Amino acid sequence: MPRLDLTLDAVDAARLAAFWKTALGYEDEPPPAPFATRAEWAASYGIPEDEMGGGAWLQDPEGRGPRFSILEVPEPKAAKNRLHLDLRVSASAPAAERWATITAEVARLTAAGGSTLAVFEGHHVVMADPEGNEFCVA
């Protein structure tokens, strides 16, 4: 069965990785065996170190969620996302408790560098990560 991986482009991969690690509880993914570093892995494909670019690779520590690759690119985000992520934080809670959980999560993600774009009171909040990628908290 195929596995879903998600790849995001970023001007500052380390900053974006820090945000998504906080948002999802993810951790850095180690380089592929038998390599000790990503630079060693890239060199095995003949990619010169000065052409490798920055990046971050994140994984769900429980192995359930998709892997995230964050690749550093020179240009900032210029258009609307064609894919957005929904963070489900309160699917089965009663309405009042659900909204309190959503607003607490929005506050946590704002402190981590996210920003609120739109609030749909009682239902969901549209946010942006530090690179401007939109996602919803519901």
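Phe68 touches Leu6, Leu8, Trp20, Leu24, Tyr26, Ala56, Trp57, Leu58 and Leu85, residues up to four places away in sequence not being counted; contact here means heavy atoms within 4.5 Å. The model is predicted, so local features need pLDDT of at least 70 and side-chain atom pairs count only at pLDDT 80 or more, while totals for chains, interfaces and linings use all residues. Residues are numbered from 1 along each chain as its sequence is written, and side-chain values use heavy atoms, with hydrogens and water left out.

Let me turn to the rings. Phe68 belongs to one aromatic cluster with Phe19, Trp20, Tyr26 and Phe135. Rings of Phe, Tyr and Trp (its six-membered ring) pair if their centres lie within 6.5 Å; planes under 30 degrees apart are stacked, over 60 edge-to-face, and the rest tilted. By this rule there are six aromatic pairs. One of them, Phe19 with Trp20, is edge-to-face, at 5.2 Å centre to centre and 90 degrees between the planes. The rings of Phe19 and Phe135 have centres 5.9 Å apart and planes at 55 degrees, so this pair is tilted. Because Phe19 lies in helix α1 (residues 13-24) and Phe135 in strand β8 (residues 134-137), the pair ties together parts 116 residues apart in sequence. Helices (H or I, at least four residues) and strands (E, at least two) are DSSP runs, numbered from the N terminus.

How exposed or buried is Phe135? Phe135 is buried, with a relative accessible area of 0%, and Phe19 is buried at 1%. Buried means under 20% relative accessible area, exposed over 50%, and partly exposed in between (1.4 Å probe, protein chains only).
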